[in-house]
Each structure stands twice: as C-alpha cells, then as structure tokens.
Amino acid sequence: MAPRRSLAVPCEVTVLAVCLLACVATGLELSVNNHVADFSLSTMPGPSVSLSCLVQNSSQDEELLWYRGDGQVDLKDGNKVNISHICVSPVTESDNGVAFSCRLARDKSVQVSVTLDVQFPPQLTGEESLHIEEAKDVTMSCNAKSNPQAQTAWYKNNDLLTLEQDRYQLYQTSEVVQLTITEVQKSDNGTYTCVVTSSLGEGRKDFHLIVEDKKPIFPKEAVIAAAVVVTLTVLFGIVARKDKIFKCFKKPSETAL
C-alpha cells in the first residue's frame with residue numbers, strides 16, 4: 001500500500017489563520033469615530049478634523065496603524081495601543097476625496113476607512129481683457145472647481161449667451177470651463193461672463209473681448225518704407241557717379257579735346 005502524502009502548510013498561512021480565528025472568536029473589530037464600517041465625513045476647508053480609532057472586543061493589547069492613502073502616518077509611542085488619534089489640520093480643498101485608514105498592526109485586513117468630503121463653493125473672481133484679430137479664434141477659460149459640482153452658464157453683456165453650434169465650442173471638466181469663439185467678428189465685441197453656481201454659492205469672471213482689424217499679410221507701412229530706402233539709395237548712387245555717367249553722353253569731338 002502506497003504511503004499517504006502529507007500536505008505542507010506554509011508558516012505564514014498558519015499564522016494568518018490563527019489571527020483570523022482569534023478575531024472571529026473574540027468579535028474583535030475597529031471603529032473610527034464610532035463607525036465600524038467605511039464611511040464618508042463631510043467637512044469644510046479650514047477647521048481641523050479629528051479621527052479616533054478604537055479596538056473593540058479584544059482580550060489583549062493591540063497595536064494600531066494609520067494610513068493616508070497608501071502612505072503610513074507616523075504615530076507617537078503613546079498613540080498606538082488599543083486607541084489612536086490623528087488630526088487633519090487645517091483641512092484644505094486638496095484633502096477632498098482623501099481616505100484615512102485605521103488598521104490592526106498584526107492583521108492589516110482588519111481596518112476601517114474614512115473618506116473626507118471637503119465641500120467648498122466655486123472660487124472664481126476677477127476680469128480679463130482679450131485683444132484678438134478679426135477672423136481668428138479666441139478661447140476664454142475659467143476655473144470651475146467646487147464641491148459639490150457646480151453648473152456653468154455664459155453671458156454676453158449681461159444677457160444669457162445663445163450658443164450657436166457652428167461658432168461656439170464648449171469644453172468642460174470638473175475643474176475647468178472653456179468657451180471658444182471661432183473666426184471672431186466685430187459683432188463679437190463685448191463683455192463675456194462665466195457664471196459658476198453650486199448649492200454653496202456662486203463665482204463669476206468677466207472677459208472683455210476687443211476684436212481688432214485684421215492686419216494685412218504684407219504691412220503697407222513696411223512696403224512704403226522699403227520703397228523709399230531703395231529710391232534714395234539709387235539717387236545717392238547716381239549723384240556720387242554723375243561725372244562718369246555724363247562722360248558717356250558726350251560727343252566724340254568733345255572727348256578728343
């Protein structure tokens with residue numbers, strides 16, 4: 001009878017299984033700000049946000065780790081065991097959408113994540129003057145970054161702009177809105193306003209469009225100046241060599257004398 005083969009189990013798998021069984025047996029879990037599952041935290045720019053991670057239903061001391069995205073957060077020695085606190089200060093617009101995770105050091109699969117939902121109104125102000133040559137294209141661009149996402153409208157001289165498909169082109173992302181006018185005409189002169197509106201407020205920016213006359217391919221002034229220079233050069237050359245030139249026109253008898 002052939003001997004039975006034994007299956008070797010890697011040591012790491014055994015340790016992980018023991019850890020998971022210990023967690024299940026004791027009901028060990030983590031909570032962040034009293035949430036035992038991943039959640040989103042709404043806040044505004046400026047004020048600090050405190051996050052507290054707590055080990056629940058553990059029969060022994062547990063070390064905790066904090067991560068911002070994929071990067072580990074440095075913690076002081078007294079802020080790692082069973083309970084841990086971190087503070088995001090100050091909260092900025094760049095923190096929007098960033099996830100902070102509290103994890104169990106011996107089993108990082110035991111974790112709770114909180115994603116910051118930083119809300120802010122559109123921040124759009126100021127004005128800009130655009131000088132463009134007739135028959136060329138012009139693009140007006142404004143920052144539409146906000147949370148929650150805003151709605152955008154364009155006005156000309158305070159009237160809602162009717163976007164003719166063959167003349168106006170719109171480009172929009174979550175952060176930028178652009179209006180392009182193709183082959184501008186003198187009738188396009190005026191003030192264009194980009195208005196960005198969300199539930200938290202409104203932002204606007206004015207563009208003063210000035211359409212200038214189309215410049216000739218060969219500037220008239222330059223052509224005239226070049227002609228004058230050439231004419232004067234020829235005249236000065238004639239004056240400088242007038243004696244030799246006049247000799248060519250003398251009669252042979254005069255030359256013999």
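**Close-up views of a predicted model**

**View 1. An arginine placed over a tyrosine ring.** R103 lies over the face of Y67, at 4.0 Å from the ring centre. The model shown in this and the following views is a predicted one.

**View 2. Strand β7 and its two partner strands.** Strand β7, which spans residues 99–104, is mostly covered, since five of its six residues are buried. On one side of the pairing scheme, strand β4 (residues 64–68) runs antiparallel to β7 and is joined to it by five bridges, and within this pairing W66 has C102 of β7 as its bridge partner. Strand β8 (residues 107–118) also runs antiparallel to β7, to which it is joined by six bridges, and here A99 finds its bridge partner in T115 of β8. In a regular strand, the side chains alternate between the two faces of the sheet.

View 3. The C-alpha atom of A105 is separated by 5.3 Å from that of L64, although the two residues are 41 residues apart along the chain. When neighbours within four places in sequence are left aside, A105 is in contact with E63 and L65.

**View 4. The aromatic pair of W154 and F207.** One aromatic pair is counted in the model. The ring centres of W154 and F207 are 5.9 Å apart and the ring planes meet at 35°, so the pair is classed as tilted. The two residues come from distant parts of the chain, 53 residues apart, with W154 in strand β11 (residues 151–156) and F207 in strand β16 (residues 201–212). W154 is buried, with a relative accessible area of 4%, and F207 likewise counts as buried, at 1% relative accessibility.

View 5. T193 belongs to strand β15, which covers residues 190–198, and its relative accessibility of 4% places T193 among the buried residues. The side chains of T193 and D206 are joined by a polar contact of 2.6 Å. Beyond its neighbours within four places in sequence, T193 is in contact with A153, W154, Y155, R204, K205 and D206, and W154 in this list is also a member of the tilted ring pair with F207.

**View 6. The whole chain and the confidence of the prediction.** The protein chain has four helices and 16 strands, and buried residues make up 29% of its 257 residues. Among contacts between residues at least 6 apart in sequence, 65% join residues at least 24 apart. The mean pLDDT of the chain is 84, with 78% of the residues reaching 70 or more. Over residues 1–9 the pLDDT stays under 50, and the model has one contact beyond four places in sequence for this stretch. Residues 11–25 also have pLDDT below 50, and this stretch has nine contacts in the model beyond near neighbours in sequence.

Terms used. Residues numbered from 1 in each chain as written. Predicted model: local features only at pLDDT ≥ 70, side-chain atom pairs only at ≥ 80, totals over all residues. Heavy atoms only, no water. Buried < 20%, exposed > 50% of the residue type's maximum accessible area, 1.4 Å probe, protein only. Polar contact = N/O pair within 3.5 Å; in protein donor to acceptor, adjacent residues only side chain to side chain. Contact = heavy atoms within 4.5 Å. Pairing = 2+ DSSP bridges. pLDDT = per-residue confidence, 0-100. Phe/Tyr/Trp six-rings, centres within 6.5 Å; stacked < 30°, edge-to-face > 60°. Lys NZ or Arg CZ within 6 Å of the ring centre and 35° of its normal.
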